[in-house]
Amino acid sequence: MTSYPAWTPASRPGIIPLHPLSFGTILGRSFTALRHNPKVLLGFALGIQAVTYIVVIVAIGAIAIGAFSRLDTLRPGSEEFDTVLAGSIALVFVAGVVLGLLAGAVGVIVQGVVVTEVARGAVAEKPTLGAIWAQLKPVVWRLIGYAFLLAAAGVVAVTLVVLILVAIGFAVLPVAIVLSVLAVLAAIPLVLWLSTKLMLAPSAIILEHATIRGAIVRSWTLIRGRFWVGLGVLVLVSLTFSVLAQVVSVPFSLLTSGVSTIISPTGDPEPGAIVALIFGLVLTQVVTLLIQAVAVVVQSTASALVYIDCRMRREGLDLDLQSYVEQRDAGRGDLPDPYRVHVGRAIAPRPPAPAYPAPQGYGPPPGYPAPQGYGPPPAHAAPQGYGPPPGYTAPPAAPGAPPTPPPAAPPTGAPPATPPTSWAAPGGDAADRDTP
């Protein structure tokens, strides 16, 4: 009997194919990856961001109301009124900065959760929120520190530019105005360039447990050769959600204005019109915040996919992921994290295909001499009397072959050549005889 190998099921497909990705695949999977693990991506990521934004807005509003309400008991223009006004403004500003930093920290944690889930989804795994947090917990403060470092660098850069422009404005105002316009125009490509060069740093911190400096160097190195792909994904995702936010907010604004006009046609500040206006503004802001929350998830997914694609092309990460999937599906446990196995590995370039010359007829291969007719072997005398058949001409000599020498004369004393016979087949006549 013949034994056949046992059938084994194919590996489970992940959210991306395990080979270098094209631009369309990265962009498309950035949006469709939300369906892979909705409990984590939709339930946690969107929910926690929406709640954070709403809490920040409500808290800043409450602080502002409480701070500025004290001005009602003071006389405008007095020294006490000015002091309370300055203190209220400073209090609201500090509260906004602190709450904004807290919201940013929550956003960074959400980004870490999304990147971790996408990395596990590439190998067809759906980790729980607890498993994701266990992997993210050792580097969460490093990730938050990196985000705050970028924010601080941006604030310092903007402050220095503003101070320089203000100083120039005191001296020559027209020059300061021109320089301000040029600074804004130059800041756009600079920000896009830096954002693209650093877009892989969070993924390096999360998946490789790299330090902040190491993550910046890794991002700068990995994105080399895929810069335009990363820039295109970053710009298209940002533009998509910016346009979507505007498209959604315009109908709500028109609806709010229409309801307010119906309630108060004369424009008087009636309570119903004020309530409708406040409700419309709050609803518009909530929808805009939800769109921004989705944008953060999609942008984090896109950056994780670009990171995976860059490592596939430079370090052969696709081979590690395929090996991990095959061993896991075969029943092996305690496998190492494939994203931390060969960090920084350099893949040898493939050798170029050999160049074959174009065929030139049916000549000999290169390096072999051309055949010289069908002469006798060396050191052997040529047979005498063997020529071409009657009615046939000798074949032409090969190109480049020496001319064929004439047949040698018979040696002296040799017997004369035998004349042709006049034999004929039985029953034939004289015309069929083989006579010369």
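This is a predicted model: local features need pLDDT of at least 70, side-chain atom pairs count only at pLDDT 80 or more; totals for chains, interfaces and linings use all residues.
**The whole protein**

- The protein has eleven helices and zero strands; helices (H or I, at least four residues) and strands (E, at least two) are DSSP runs, numbered from the N terminus.
- Read from the N terminus, the order of elements is α-α-α-α-α-α-α-α-α-α-α.
- Of the 436 residues in the protein, 30% are buried, where buried means under 20% relative accessible area, exposed over 50%, and partly exposed in between (1.4 Å probe, protein chains only).
- Among contacts with a separation of 6 or more, 74% join residues 24 or more positions apart; a contact means heavy atoms within 4.5 Å.
- The accessible surface comes to about 28100 Å², and carbon and sulfur atoms hold 71% of that surface. Accessible areas come from the Shrake-Rupley method with a 1.4 Å probe, and for residues only the protein chains shown count as cover.

**Helix H7 and its partner H3**

- Two packed helices are described by the angle between their axes and the distance between the axes.
- Helix H3 (residues 79-121) packs against helix H7 (residues 201-208) at an angle of about 65°, and their axes are 10 Å apart. Axes are lines fitted to C-alpha atoms, for helices over the stretch in contact, and angles run from 0 to 180 degrees between N-to-C directions.
- That angle makes H3 roughly perpendicular to H7. Angles under 35 degrees count as roughly parallel, over 145 as roughly antiparallel, 65 to 115 as roughly perpendicular and the rest as oblique.
- On the H3 side the contact is made by Gln111, Gly112, Val115, Thr116 and Ala119, and on the H7 side by Pro202, Ser203, Ile206 and Leu207.
- Sorted by class, this contact has five nonpolar, four polar and no charged residues. Here Ala, Val, Leu, Ile, Met, Phe, Trp, Tyr, Cys and Pro count as nonpolar, Asp, Glu, Lys and Arg as charged, and the others, Gly among them, as polar.

**Helix H7 and its partner H5**

- Helix H5 (residues 140-171) packs with H7 at an angle of about 170°, with the axes 10 Å apart, which makes H5 roughly antiparallel to H7.
- The crossing of H5 and H7 is right-handed.
- Arg142, Leu143 and Tyr146 of H5 meet Ala201, Pro202, Ile205 and Ile206 of H7. The class count for this contact is six nonpolar, no polar and one charged residues.

**Two residues of helix H2**

- Ala45 has its place in helix H2 and is buried, because its relative accessible area is 0%.
- Leaving out residues up to four places away in sequence, Ala45 touches Val40, Val110, Val114 and Val297. The C-alpha atoms of Ala45 and Gln111 are separated by 8.2 Å, although the two residues are 66 residues apart along the chain.
- Ile57 also lies in helix H2 (residues 38-68), and counts as partly exposed because its relative accessibility is 42%.
- Ile57 touches Gln285 and Leu289, again not counting residues up to four places away in sequence. Between the C-alpha atoms of Ile57 and Gln285 there are 9.8 Å, with 228 residues separating the pair along the chain.

- Ala124 lies in the loop between H3 and helix H4 (129-136). Its phi is near 60°, a positive value in a residue other than glycine, and Ala124 is buried at 11% relative accessible area.
- His209 is found in the loop between H7 and helix H8 (212-222). The phi of His209 is near 55°, again a positive value in a residue other than glycine, and at 25% relative accessibility His209 counts as partly exposed.
- Arg218 sits in helix H8 and is buried, with a relative accessible area of 16%.
- Apart from neighbours within four places in sequence, Arg218 is in contact with Ala204, Glu208, Arg311, Glu315, Val343 and Gly344.

Key: Residues are numbered from 1 along each chain as its sequence is written. Side-chain values use heavy atoms; hydrogens and water are left out. A crossing is left-handed if the near helix is turned anticlockwise from the far one by less than a right angle, and right-handed if clockwise.
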